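Keep the viewer open as you read.

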Amino acid sequence: MDPKKQILDRIRSIRQAPKPYPPQAIESQETDLVEAFIGMVKLSGSTLLRFEDQQTMIDEFVKARHPVNEWVSTWDPLIRMGASEAGKFTDARKVISCAVLPGKFGVAENGAVWVPEEAMGQRTIPFLAEHLILIVHAKDLVATMHQVYAVNQPGSYGLFIAGPSKTADIEQHLVLGAQGPLAHTVILLG
Amino acid sequence: MKVGLFIPCYIDQFYPQVGVATLELLEHLGCQVVYPPGQTCCGQPLANTGMEKAAQPTYDHFQEVFSGFDHIVAPSGSCVYHVVHHYPVESRPQGKVWELCDFIVNHLGVTQIAASFPHKVGLHPSCHGLRGLRLGPDSERVEDRPDVVRTLLASVSGIELVDLDRRDECCGFGGTFAITEEAVSVQMGLDKISDHQRHGAEIITGTDVSCLMHLEGLIRRQGLPLQTRHIAEILNARL
Amino acid sequence: MSQHPEAAARFIADNERMAWHDRSIWNARKKRDLASHSIEEWEQLRSWASDIKEHTLAHLDHYLEVFEKQATANGVKVHWAATAEEHNRIVLGILRENEARHMVKSKSMLTEECHLNPFLEANGIEVIDTDLGERIVQLREEIPSHIVTPAIHLKKEDVSKLFEEKLHTEPGNADPTYLTREARKHLRAHFLACDAALTGVNFAVAETGTVVVVTNEGNSDLGVHLGKVQIHSMGIEKLIPKWQDLGIFTRLLARSATGQPISIYTSHYTKPRPDVPMHIILVDNGRTEQLSREHFRKSLACIRCGACMNTCPIYRRSGGHSYGSTIPGPIGSILTPGKDLKKYSPLPFASTLCGSCSDVCPVKIDIHDQLYRWRQIIAEEHLLPKYKTIPLGLAGRIFARGKRYDQAGRIARWWLRRLPAWMVNSRLNAWSKHRDLPNAPRNSFKEWYEQNRPHGS
């Protein structure tokens, strides 16, 4: 027998009272989004850097200290400065020392950043990089997961990232850097 | 006010002083208390083992014994929980069945007891009273709820309530669980006792003699410098 | 038959290790408390989550069809499996179709339930579990002892020894960071060499056809994005109606599980990559049967956070393996009897009915009430042992009559007062192996009352 029909028939043969979908009234909370977000990012074992704007960040952070040509990114200003285009990255065996990706929304209650597929170049990039840097604008911060799911779209693929990959599977000892990035930085602009 | 007094079977048989303390306390608070003589057990030991059907005659007996009371009060959260939560609706007594502290605070409106008990006391909030009857806030849920047991205890003169590391973890009694899962039951009891000991309790109290009987059994076997008292005994330690 | 009491007693016999196990899992419970108590509307979230799950289960046929339609429109191939065997055959079929022989898997309790690994291995497929804890138990040829932290029963020295033998790590080095790094290298090689990836599913959104997978390690995504075919296996109860519902469930899940405000990766797979096939397998395997049981239906709302295990005083002191079921602990004890009542009849009794599991549950499953209900069914099916039914049956007859009860009580107390202490507290009796019996007073309360309140009060 066709398993689909079998499963659906079985469900339909069960007498269940209809149960309405619950009305939800989610109030947006009065919190200082920036302060809350920064606190949560730091709590997750990540580094948080804040710059007034894009130019300050480039001047003070990128130019000052970093080998941009070893980076992978989808962000035009960095690509213009010599970073490799994430979309053109082909060899998964090659170590990516650092990937810099623009996040779309930041969530104040947990420090997570929504990264849609368009921002990755390709899906492996956020996971193969040893150090992942996400850039978020302060204007794109929302209070809770309710608010972010009201504005983000499923697209083809997307995810929340809330820190460096981690595990506590050995005796509950927290170890940062499990299968994905060893280090995680969030740059907050504005 | 006429109150039907329900004294659970193990209190009746093994801890009559808890029944006496309950009776005297209620009388002292101005209640006219009647103890219907034919009473036996609420049937929980059977039902918790799965034998609800075999417990039905006991339910019927309970209902008959306590007919005609508007309020039925028992010094046990667990037995009350069983009657109000597990009895089939048609087997429940007409009157409202109360755990003792709940009745004192929420029906009589009394929150201060003129008693004296100058000891360091650890409270064991028995699970069926705490999570079943919601006599207070448990550590799991996020809520503001007055704690009727703690309120009454705290009003006793000279008492010093100690805080525990795990304030409302189960003691491991669990009715027939104490027998069928003996190893876990004993371990839970020992862990509970050492939590009280670590915090300097001299006396462990609670709303249920069943839990206290289990803890007392362990304390006595190990010869520990700790005692158990039902809360009625403390509230009835008159000034 | 699963023998929880005996297995628990063996676990407790290694008292120091048991105490460590209890403490480290209690820590997870404490973290959960901190995280949930920081959310003012926690109870409201639980209610919504519970209502959404109940609504979905009440209209499961509808949402399954909506989901299939959406996922298909997204370019995903949706399969239906009525049984574990069907599920396993579908997976093997997909692998063969794609000429895949090396599969990486991220944590999936469903595939544990279906015993997928041995089936694939017998068919020449290499399966690597990639969650660190799951990889550890796989290398030990064990099953997970906890659904969120599969190797919670092991000490770092155990892992060190295992890795020394299997991954050739430094002898005696039990540093968790070192061991994790070594596992990372080992697993990275498998990710790069894999040609297929399979994951479990935390949530499946009907209106968008999306499957959501939550990890801390990033192992789900590494596999899914590196493999040449991606497979997601899910029980049919994983559905939720709307994208927006994820707001509620993601707020509850990690806080309940580990006390984190959110897991590190919450991945939403909606459409496949170009030229990489994506499959979703919808599995029944007993779920519709559980759905048909009115009292136990709500158990299907479970989001597998493991909070009921962390809070359960019995689980913490007996270990996950003592339950003898794929899913251990309180939720396992209400799900598993539905699969084989006789075999798992001791499990609903591995509880004091303290109710902590129900209050900690983020979707408000009335776990302790369901344990109580299973007990009634086990008794009705005559699966209770005689040492329970005979004395309790007798007690039932005594409790139904006031006079009989008074007499029995008098006789019992008379004997207890006269028997020598060694006999009263005989270690042959399970109560008094470690506990003294209470002193038997001369008079019952009833007798005291008759003497002291001769005319009532």
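**How the chains meet**

In this predicted model, 58 residues of chain C are in contact with 65 residues of chain B. On chain C, the top contributor to the side that touches chain B is helix α19 (residues 386-399), with 6 residues. Sorted by class, that side of chain C has 30 nonpolar, 17 polar and 11 charged residues.

Chain C also meets chain A: 64 residues of chain C are in contact with 53 residues of chain A. Here helix α10 (residues 176-193) of chain C gives the most to the side that touches chain A, with 7 residues. The residues on this side of chain C divide into 28 nonpolar, 23 polar and 13 charged.

What about chain A and chain B? No contact joins them, and their closest C-alpha atoms lie 18 Å apart. Of the 2 pairs of chains that touch, chains B and C have the most contacts.

**A closer look at helix α19 of chain C**

Let's return to α19(C), which gives the most residues to the side of chain C that touches chain B. At 1.5 Å a residue, its 14 residues should span 20 Å, and the end C-alpha atoms of α19(C) are 19 Å apart, which agrees.

Which residues of α19(C) are buried? They are Leu392(C), Ala395(C), Gly396(C) and Phe399(C). These residues cover an arc of only 105° around the axis, so they sit on the same side of α19(C). The general rule behind such a pattern is that an α-helix has 3.6 residues a turn, so residues three or four places apart point the same way. On the face of α19(C) turned away from the buried side, you will find the exposed residues Lys386(C), Ile390(C) and Leu394(C).

And what covers the buried residues of α19(C)? The cover includes α3 (44-47) and α4 (52-65) of chain B, together with α20 (402-418) of chain C.

**Domains within the chains**

Chain C is divided into domain 1 (39-285), domain 2 (296-380) and domain 3 (392-452). The centres of domain 1 and domain 2 of chain C, taken over C-alpha atoms, are separated by 22 Å. Between these two domains, 23 residues of domain 1 of chain C are in contact with 19 residues of domain 2 of chain C. On the domain 1 side, α3 (42-58), α6 (109-113) and α12 (245-257) of chain C each supply at least two residues, and α3(C) gives the most, with 7 residues. That side divides into 10 nonpolar, 7 polar and 6 charged residues.

Chain B is assigned domain 1 (2-107) and domain 2 (120-235), with 21 Å between their centres, taken over C-alpha atoms. Their contact takes 26 residues from domain 1 of chain B and 22 residues from domain 2 of chain B. The largest share of the domain 1 side, 6 residues, comes from α6(B). By class, the domain 1 side has 14 nonpolar, 10 polar and 2 charged residues.

**Into the core**

In soluble globular proteins, nonpolar side chains tend to be buried together. Here the largest nonpolar core has 261 residues, and those with the most contacts inside it are Ala99(A), Val100(A), Leu134(A), Ile161(A), Val73(B) and Leu282(C).

How values were computed: Residues numbered from 1 in each chain as written. Chains lettered and ligands numbered in written order. Predicted model: local features only at pLDDT ≥ 70, side-chain atom pairs only at ≥ 80, totals over all residues. Contact = placed C-beta atoms within 7 Å. Helix = DSSP H or I, 4+ residues; strand = E, 2+ residues; numbered from the N terminus. Nonpolar A, V, L, I, M, F, W, Y, C, P; charged D, E, K, R; others polar. Domains from an automatic or database assignment. Core = buried A, V, L, I, M, F, W, Y, C linked by C-beta atoms within 7 Å. Buried ≥ 20, exposed ≤ 12 C-beta atoms within 10 Å, placed from the backbone. Expected span 1.5 Å × (residues − 1). Arc of directions from axis to C-beta.
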